Amino acid sequence: MQLNRIFAIVLRQYYLIRGSVARLIPLFVWVVIDIVLWGFITKYLNSLTLSGGNFVPVFLGAILLWDFLVRVMQGTTMAFMEDTWSRNFLNLFATPLKISEYVSGLVLSSIATSAIGLVVMLVLASTVFGLSFFAYGIMFVPFLLVLFLFGIALGIFGCAIMLRLGPAAEWFIWPIPALISPFACVFYPLATLPQWMQYVSYLLPPSYVFEGMRAIVAGGTASESALLMSAGLALLYILLACWCFTRVYRYAVKSGLIARYSAESVS
């Protein structure tokens, strides 16, 4: 891989965002809405509880972490969609650009865009609603890392789906976080789920993160072995997603689908 080619992919996304307010606003507007909405919900719940419990680090922290994962995934897929919407995908691979360089560029673009959303969420949650991230301790960093890795895996896999089925398949991509969230146990303990759903949750890295977060808020400690398990699963999913994207790309080149890539679908 050559760094200048990877940087070229990132630079293109930067120019796209810089040149359009419509692309800049979604980087933070949806996370602001979520933080404000859930911030007031948690304040209301705190006013109702009689036990003196604090819902802010439980629910508002959970939505912050979950939104971060979603931003990471969408940061990857949106960069890919920009190339498909502009019919630029075929032009990119008419150059010596390698598939690994292109995917690396998508990941770096996602890091930049998701970092903007994360900073906005942290500032808003701490200044307006008093969410102290010291409540999670040093574990807040590995929590973010695991969610970041899994978000990248979902993003690359989503790009593979669109590459195989065409840009119209983006409607299969948007619901992915919503479909995963019940199994990820974002707002409730894993024990709440029926047994068959728990088996699925054990395969999802976010479930370990949110279980650990609730354990810390309750005064306990997060399981280090569970956190390592979640990190291992996230890395495994990244490798599988990259393998899937590479296989789909090679199939598209070999079958000629990449030359017929249109705004609708390919078959």
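Biologist: Which residues of H1 are buried?

Modeller: Ile6, Ile9, Gln13 and Leu16 are the buried residues of H1. Buried means under 20% relative accessible area, exposed over 50%, and partly exposed in between, with a 1.4 Å probe and protein chains only. These four cover an arc of only 85 degrees around the axis, so they sit on the same side of H1; the arc is that of the directions from the helix axis to the C-beta atoms. Leu3, Asn4, Phe7 and Arg18 are exposed on the other side of H1.

Biologist: What should I keep in mind about the source of these values?

Modeller: The model is predicted: local features need pLDDT of at least 70, side-chain atom pairs count only at pLDDT 80 or more, and totals for chains, interfaces and linings use all residues. Residues are numbered from 1 along each chain as its sequence is written, and side-chain values use heavy atoms, with hydrogens and water left out.

Biologist: How many helices and strands does the protein chain have?

Modeller: Helices (H or I, at least four residues) and strands (E, at least two) are DSSP runs, numbered from the N terminus. The protein chain here has twelve helices and zero strands. Of its 267 residues, 48% are buried. Contact means heavy atoms within 4.5 Å. Among contacts between residues at least 6 apart in sequence, 76% join residues at least 24 apart.

Biologist: What span is expected of a helix such as H1?

Modeller: The expected span is 1.5 Å times one less than the number of residues. H1 (residues 3-18) has 16 residues and reaches 22 Å from its first C-alpha to its last, close to the expected 22 Å. For H6, with 30 residues, the span should be 44 Å, and the end C-alpha atoms are 43 Å apart, which agrees. Just after H6, Gly130 takes a positive phi of about 70 degrees.

Biologist: Which residues have the most contacts inside the largest nonpolar core?

Modeller: A nonpolar core is a set of buried Ala, Val, Leu, Ile, Met, Phe, Trp, Tyr and Cys residues joined through side-chain atoms within 4.5 Å. The largest one here has 75 residues, and Phe80, Tyr102 and Phe245 have the most contacts inside it. Helices H4 (56-85), H5 (89-92), H6 (99-128), H7 (140-165), H9 (176-184), H11 (205-217) and H12 (224-255) are the elements that give two or more residues to this core. H7 gives the most, with 17 residues.

Biologist: What does Tyr102 touch, not counting residues up to four places away in sequence?

Modeller: With those set aside, Tyr102 touches Ile9, Phe80, Asp83, Phe89, Leu92, Phe93, Leu97 and Phe245. Ile9 is also one of the buried residues of H1.

Biologist: Is Ser110 buried or exposed?

Modeller: Ser110 counts as buried, at 0% relative accessibility. Its place is in helix H6. Leaving aside neighbours within four places in sequence, Ser110 is in contact with Arg71, Val72, Gly75, Thr76 and Ile152.

Biologist: What does Ile176 touch?

Modeller: Ile176 is found in helix H9 and counts as buried at 13% relative accessibility. Not counting residues up to four places away in sequence, Ile176 touches Met73 and Leu154.

Biologist: Where is Trp243, by contrast?

Modeller: Trp243 has its place in helix H12, and at 53% relative accessibility it counts as exposed. Trp243 and Phe157 are 86 residues apart in sequence and 9.3 Å apart in space, C-alpha to C-alpha.

Biologist: Which side chains meet in a salt bridge?

Modeller: Side chains of opposite charge can pair when their charged atoms come close. A salt bridge is a side-chain nitrogen of Lys or Arg within 4 Å of a carboxyl oxygen of Asp or Glu. A search of the whole structure finds one: the side chains of Arg214 and Glu211 meet at 2.8 Å, N to O. Both residues lie in helix H11, three residues apart, about one turn of the helix. Arg214 is buried, with a relative accessible area of 13%, whereas Glu211 is partly exposed, at 29%.

Biologist: How many disulfides does a search of the whole structure find?

Modeller: A disulfide is a pair of cysteine sulfur atoms within 2.5 Å. The search finds zero. The sulfur of Cys244 has its closest cysteine sulfur in Cys242, 10.0 Å away, which is too far for a bond. As for Cys185, this residue is buried, with a relative accessible area of 0%.
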